[in-house]
Amino acid sequence: MIRQHLSLAVCVLVCFHLADGFVSPNTLQARHEFRTAPTAQKSIGDRSTSQRNAQFIKDFKNDSAGALKFLGQLEQDGTADSFAYTAVIRVCGQAKRWTYAIQLLTRMEIRGVGPDIRSFSAAISVCQRCGQWQQALQLLTSMQSRGLEPNLFSFNAALGACARGSQWEKALQIIDDMLERGVLPDVISFNCVMSACKKGKQWNKTLQLLETMQQRGVEPDLVSFNEAISACEKSGRWQLALELLQTISRRGLQPDVFSFSTAISASAKGGQWDKALELLVEMRESGVELNVISFNVAISAYAKTGRWVEALKLLSEMEEQGLKPDSISFNSAITACGKGGQWEKALQLLDEMRQKGLEPNVISMNAAISACERGRQWEEALRLLGDMRHRGLSPDLITFSAAISACEKGGQWEKALQLLDEMQQNDVTPDVISYSAVISACGKGKQWKRALQILEDMRRCKVEPDVISFCAVISACASSGQWEKAVQLLDEMRQCGLKPDVISFSAAITACEKGRQFEEALSLLREMQSRGLQPDVISYNAAISACAKSGKWEKALELLDEMQSGSLEPNVISFNAAISACGNAGQWKKALEVLNAMQSGTFQPNVVSFSAAISACDMGRQWEKALELLREMEHRGLTPNLITFNAAISACAKCGESTKAQQLLDEMRESFQEPDIISFNAAISACEKRGACVEALELLTELRQIGLEPDVITFSTAIRACAKGGKHKKAVQLLDEMHQSGVVPEVTLCNVVISACEKTGKWKTALALLDQMRKIGVEPDATSFSFAMSACEKGGQWGSALRLKDEMRRCNKL
């Protein structure tokens with residue numbers, strides 16, 4: 001044992017002698033002052049000299065080399081006592097030289113100065129400061145083995161070391177040891193153990209210790225409460241954190257910046273953003289100056305609720321108070337702008353970060369890309385993605401998912417697919433959110449087959465589709481009218497153990513609506529209800545629209561009544577679909593009843609409502625009612641659109657009101673509504689009904705002048721108008737134009753012109769038209785031959801009539 005001490009002493013002395021060459025100017029001055037001091041001041045055994053030496057050593061602060069040099073002088077003079085050694089140990093602690101502190105204890109023993117409680121306690125404190133919890137506990141054990149009873153200071157130093165090392169179990173053992181030895185823990189003891197438990201993620205034990213210390217008569221201080229609030233913040237117990245904050249004030253203590261910041265953070269983590277902001281106000285009213293953490297938590301709270309204006313104000317206020325916003329500050333502010341729909345401001349903040357010397361990190365870029373995604377700025381999102389790569393940042397799952405979602409919202413399904421491939425090439429594994437966004441993008445691009453393929457890819461990559469994934473695929477099928485696939489996917493969901501939700505069923509019903517499968521749509525609606533799901537407005541609207549497209553107006557009205565009698569209030573779309581259902585079935589009176597019911601309720605009809613009602617009047621040949629509704633629209637300040645005007649013109653056309661139809665055509669132009677081919681066709685049809693061939697031909701010329709191409713309806717109507725107006729040659733000419741434009745006339749249309757020739761005795765034109773029919777690939781029927789024969793007979797061309805009769809016989813047309 002003696003050899004070990006001598007060996008250790010030699011090592012220690014070598015260390016000290018090596019350090020002798022590194023003496024600071026302050027140390028040299030101290031040595032000079034000591035050597036020139038009067039002899040009486042250096043007398044051995046003089047208590048005042050001992051205390052003065054200790055104070056002198058203390059003045060070295062963190063100059064451990066100087067303190068050790070001075071200690072060497074004392075040892076030479078024979079005045080080095082436990083006070084001096086303890087003082088040097090403390091200087092070593094300030095210099096964070098914990099090995100020197102432990103070696104000094106051994107040196108004391110070699111010099112015959114037995115380490116006492118103060119020396120050990122000081123050495124344990126040095127180990128605490130340097131984070132050497134094992135060494136601290138060894139020293140505590142060594143004390144006891146030497147018959148020294150650790151005091152409160154010794155134990156607290158050891159507890160502090162355990163706290164720094166997150167050794168909560170050791171700390172609890174020390175507390176128990178203290179109580180067994182009759183050393184009563186004080187507030188510092190408990191605070192250290194609470195800190196150790198908190199760092200060891202023992203939140204419940206931390207809070208229990210707060211109760212235990214009070215039960216033992218130890219009054220918690222601000223540090224105690226702060227540790228408890230911090231434990232609440234870490235464990236998501238925001239209510240208790242707020243209670244503890246109030247308890248601080250009730251105990252006559254003043255909450256500090258840590259108390260408030262931690263309570264604000266606890267509220268924020270618990271989703272209590274309003275509470276967090278209330279605490280921020282209270283913090284200011286209490287005169288507590290905010291720090292960067294407080295500001296960051298508050299900005300984050302505003303970010304969660306999308307209150308970007310307040311977030312930016314706080315960011316400015318930080319700088320006004322002389323605080324430097326950090327990356328967290330900017331990231332939260334960018335997020336706030338993104339959620340508030342301010343993508344441009346989010347990008348401005350990204351630039352501002354760089355201007356202030358803060359390099360945006362992946363979180364910053366993700367927040368900016370997400371802002372662009374919410375703002376439907378897919379091009380900006382992809383630009384930022386490229387910028388990340390240029391700056392050496394590796395996009396992560398969040399980055400790619402946000403960029404894909406931006407492309408999905410922008411209808412860029414091909415870009416979304418490219419990003420999905422790029423993710424996999426960069427070893428970033430897509431998750432269910434990434435896949436679902438790509439599926440949704442394909443759905444919007446009517447790429448239902450690709451959507452199904454991605455669903456299969458998910459499974460192949462061991463990513464289980466969730467309800468959202470299936471909804472996206474069903475919606476993709478719905479957008480392309482693939483109702484059978486949509487219904488199959490609904491069944492497949494159940495087979496995968498997933499419960500279809502309201503959105504899933506609504507998407508499937510929409511698919512049936514687009515596929516005109518009203519029975520399947522109603523079946524799905526009833527299935528929803530049988531499964532305990534309450535159909536929403538979208539579900540009902542899709543079902544009503546399915547009935548409308550299938551002409552089931554009574555079913556549509558039943559569904560509308562069902563909505564109104566239940567807890568679900570129909571919206572404008574519901575009423576519009578019901579009006580369309582009635583209109584499509586020729587029930588114009590019912591359509592107007594629904595329109596009136598709509599007006600008497602809380603909903604005001606929109607342009608679509610009136611357009612549907614006017615279309616109903618068109619179907620019912622109620623041109624006057626149609627025009628009344630058109631005027632009512634204008635009276636309500638609604639601007640008729642192309643569909644509205646076309647329906648009104650068509651209503652007039654069906655009743656032969658060509659003048660009204662043409663007036664509406666003029667009115668369209670005055671309203672800056674450019675007529676389309678449907679508008680002209682309806683107006684030409686009105687002219688045809690009253691034989692106004694000149695006006696019909698004028699309209700035909702006009703539509704060509706504005707760049708519209710006549711279609712089969714245009715030609716057919718104009719030809720009929722010419723036939724009725726006696727313009728036989730023009731009718732034949734239009735038939736030829738019709739053929740040259742790639743539109744093949746029907747035999748019935750040719751027969752109209754031949755019939756007109758027959759009535760006016762134009763036998764040559766009739767025969768010429770019969771030949772022309774054969775040339776353009778239209779096979780004359782019995783009616784064609786009959787009209788041509790009659791025309792020849794009226795023109796006295798009996799030979800031609802007989803030849804036609806023979807031809808009819810050969811062609812089996814008789």
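Q: Which helices each supply at least two residues of the lining of the largest pocket, and which gives the most?
A: In this predicted model, helix H3 (47-58), helix H5 (82-94) and helix H7 (117-129) each supply at least two residues of the lining of the largest pocket. The pocket has a volume of about 310 Å³ and is lined by 16 residues, with Lys58, Thr86, Ala87, Arg90 and Val91 nearest its centre. By class, the lining has seven nonpolar, five polar and four charged residues. With seven residues, the helix that gives the most is H5.

Q: How are the rings of Phe56 and Phe60 arranged as a pair?
A: A search of the whole structure finds three aromatic pairs. In the pair of Phe56 and Phe60, the ring centres lie 6.4 Å apart and the planes stand at 75 degrees. Planes over 60 degrees apart count as edge-to-face, so the pair of Phe56 and Phe60 is edge-to-face.

Q: How many residues apart in sequence are the parts that the pair of Phe56 and Phe70 ties together?
A: The rings of Phe56 and Phe70 have centres 5.1 Å apart and planes at 35 degrees, so this pair is tilted. Phe56 lies in helix H3 and Phe70 in helix H4 (residues 64-77), so the parts tied together are separated in sequence by 14 residues.

Q: Is Phe70 buried or exposed?
A: Phe56, Phe60 and Phe70 form one aromatic cluster. Within it, Phe56 is partly exposed at 23% relative accessible area, whereas Phe60, at 8%, is buried. The relative accessibility of Phe70 is 1%, and buried means under 20%, so Phe70 counts as buried.

Note on methods
Residues are numbered from 1 along each chain as its sequence is written. This is a predicted model: local features need pLDDT of at least 70, side-chain atom pairs count only at pLDDT 80 or more; totals for chains, interfaces and linings use all residues. Side-chain values use heavy atoms; hydrogens and water are left out. On a 1 Å grid over the protein atoms alone, a cavity is a set of points where a 1.4 Å probe fits but cannot get out, and a pocket is an open set with protein on both sides within 12 Å along at least five of seven lines; lining residues have an atom within 4 Å of a point. Grid points are joined across faces, edges and corners, and a volume is the space filled by probe spheres set on the points. Helices (H or I, at least four residues) and strands (E, at least two) are DSSP runs, numbered from the N terminus. Ala, Val, Leu, Ile, Met, Phe, Trp, Tyr, Cys and Pro count as nonpolar, Asp, Glu, Lys and Arg as charged, and the others, Gly among them, as polar. Rings of Phe, Tyr and Trp (its six-membered ring) pair if their centres lie within 6.5 Å; planes under 30 degrees apart count as stacked, over 60 as edge-to-face and the rest as tilted. Buried means under 20% relative accessible area, exposed over 50%, partly exposed in between (1.4 Å probe, protein chains only).
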